[in-house]
Amino acid sequence: MSYTIPIGPYHPALEEPVHARLITDGESITDAKVFIGYNHRGIEKLSTQRNFIQTIVLVERVCGICSHSHAFNYAQAVEACGHMNVPKRGQYIRVIMAELERLHSHYLWLGVACHLIGHDSLFMHIWDDREIVMDILEEISGNRVNYGMVTIGGSRRDIDEQKAADILRMLDKLEVSICRIRDILLADKTVAARTQGIGVLSTEDAIRIGAVGPHARASNMPVDVRIDAPYSCYDEFEFEKAVWDSCDVFARVVVRVLESVESIKIIRQALAKMPKGPINLGVKIPKVEPNEYMTRHEAPRGQLCTKVVTNGTDTNERVSIHVPTFKNAPTLAHMLRNNTVADAGLIVASIDPCFSCMDR
Amino acid sequence: MQGYQKIMISPEEIVPTAQRMRAEGRPLAMIHGYLAKEKKFNVSYEYEVDDNIESYTVETDGSLPSIEDIYDLAAQWPERELHELMGIEFEGLDTSERLFMPDTMLDGQGQILVTPMKELIKMAKGGEEK
């Protein structure tokens, strides 16, 4: 017998609102529809009422996890409109923050995934490690969530020698731990039983629907903006794209754990090579000539696109923010089909969705 | 540094451009729109061409062909967003359901990106400015 089962909109997997309507035949999902828009705050509209510095504060509130990514990419777009060159040290600090953010985002997701899989001891172990990253983010910026590290023309706070030494000490701990977590995740029978062959998104479908980021890389698409279209100072570091070809939830777990190892590599290189000098251009509230520019940034969940149109004043004419979940959420209905109702929560979570990001 | 190139096209060129980009395997990064001077919509289709963005831009009074058939959901969701928040019509696009805004919001007038903030505040307060 066919039933329609509503899931959400309150906390179907992660603590974010989305609603899925599953058409089932017994335990099997035959069709699915996804509904979004439960957290629309009109941030793009509000950005047309604020100057560039105020907009940085605003766009950081698009997301609680990847807040730095939004500020980073918005600042890049405004700087490109105004032909500003960010000092190298400012670029390095932005990249270090971006990679720390990726680490805590991936750790958060890996923990949630382990919880949904039923491996709660690993969930606690991963979130324990995540706290180390959060402590470092707090030591650098004074905040655990919205770091306020970006300004137009560079970074707002420096990373001095003491902080750099603390980050390196933290990385030593994390590196040992993440390698152990990687080995467990790759070999554990519980993880394999709950994730392998579940929520498959083939490479062809990922390309057709336009998936991005770790979700695309787990469908064997070798895409990563940091390497394909380098920006800031990413071209000065050596790291690899984490790609996996099984196209299922297991691949999404593997990609994120491998990517965490790569992020640690990038932070180490950035700290070792960080040049001396100013961290920003010292501009307060710039006026930018009429122009437009779109920049891309590899946020923890995938490619983040920000387009800014300026009008010669200190206010935005228009800001468009297309977040990775806007590209990845349309794949959900496809992935849910032919799976069981019991796996629906895990499949929805497997794209590492941020519905608050998407709604803006 | 990522590059950005703006190319003005006519509405008739939207579909052939999308077909060419799809055939070349270029992802559609974004469909962006804003209300420019003289109440003309400025809509741009941002394609990723290696480390560049090619921004094919068109001016319109508010009706454009849909490229959903070519770019699938990667085009359908951004087109639905522009329809809902700016009132742009995309020929052939199913807009019977809302993407972001509830049907009840502002009596179904959820086109917040083209409605002046003062009017939005007035509508939110039930038509009376306080």
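## Close-ups of a two-chain model

**View 1. About 40 Å³ of space sits in the largest cavity.** The structure has 2 cavities of 30 Å³ or more. Points are joined across faces, edges and corners, and the volume is the space filled by probe spheres set on them. Both chains line the largest one: A:H40, A:G42, A:E44, A:K45, A:D359 and A:R360 come along with B:L85, B:I112 and B:L113.

For all the views: this is a predicted model, where local features need pLDDT of at least 70 and side-chain atom pairs count only at pLDDT 80 or more, while totals for chains, interfaces and linings use all residues. Residues are numbered from 1 along each chain as its sequence is written, chains are lettered from A and ligands numbered from 1 in the order in which they are written, and side-chain values use heavy atoms, with hydrogens and water left out.

**View 2. The largest pocket has a volume of about 680 Å³.** A pocket is an open set of grid points with protein on both sides within 12 Å along at least five of seven lines. Of its 29 lining residues, A:K33, A:V34, A:F35, B:R80 and B:E97 lie nearest the centre. The elements giving two or more residues to this lining are β3 (28-35), α8 (203-209) and α13 (332-336) of chain A, plus α3 of chain B. Helices (H or I, at least four residues) and strands (E, at least two) are DSSP runs, numbered from the N terminus. β3(A) hands over the largest share, 5 residues.

**View 3. Chain B carries an open sheet of 4 strands, ordered β1-β4-β3-β2 with mixed pairing.** β1 (3-8) and β2 (28-35) of chain B are at the edges with a single partner strand each, so one side of each has no neighbour in the sheet. Neighbouring strands are turned by 20° against each other on average, direction ignored. Two strands count as paired if DSSP finds at least two bridges between them. β1(B) runs parallel to β4(B) (residues 52-60), with 6 bridges joining them, and B:M8 has B:T57 as its bridge partner in β4(B). Helix α3(B) (residues 73-86) packs on the sheet, touching β2 and β3 (41-49) of chain B, and its direction makes about 15° with that of β2(B). Contact means heavy atoms within 4.5 Å; axes are lines fitted to C-alpha atoms (for helices, over the stretch in contact), with angles from 0 to 180 degrees between N-to-C directions.

**View 4. β3(B) is mostly covered, with 9 of its 9 residues buried.** Buried is under 20% relative accessible area, exposed over 50%, and partly exposed in between (1.4 Å probe, protein chains only). B:F41, B:V43, B:Y45, B:Y47 and B:V49 are on one side, and B:N42, B:S44, B:E46 and B:E48 are on the other. β3(B) pairs antiparallel with β2(B) over 7 bridges and with β4(B), also antiparallel, over 9 bridges.

**View 5. The β3-β4 hairpin of chain B has 2 residues between its strands.** B:D50, in that turn, has a positive phi of about 55°. At 55% relative accessibility, B:D50 counts as exposed. In the β2-β3 hairpin of chain B, 5 residues lie between the strands, and B:E38 in the turn also has a positive phi of about 55°.

How values were computed. On a 1 Å grid over the protein atoms alone, a cavity is a set of points where a 1.4 Å probe fits but cannot get out, and a pocket is an open set with protein on both sides within 12 Å along at least five of seven lines; lining residues have an atom within 4 Å of a point.
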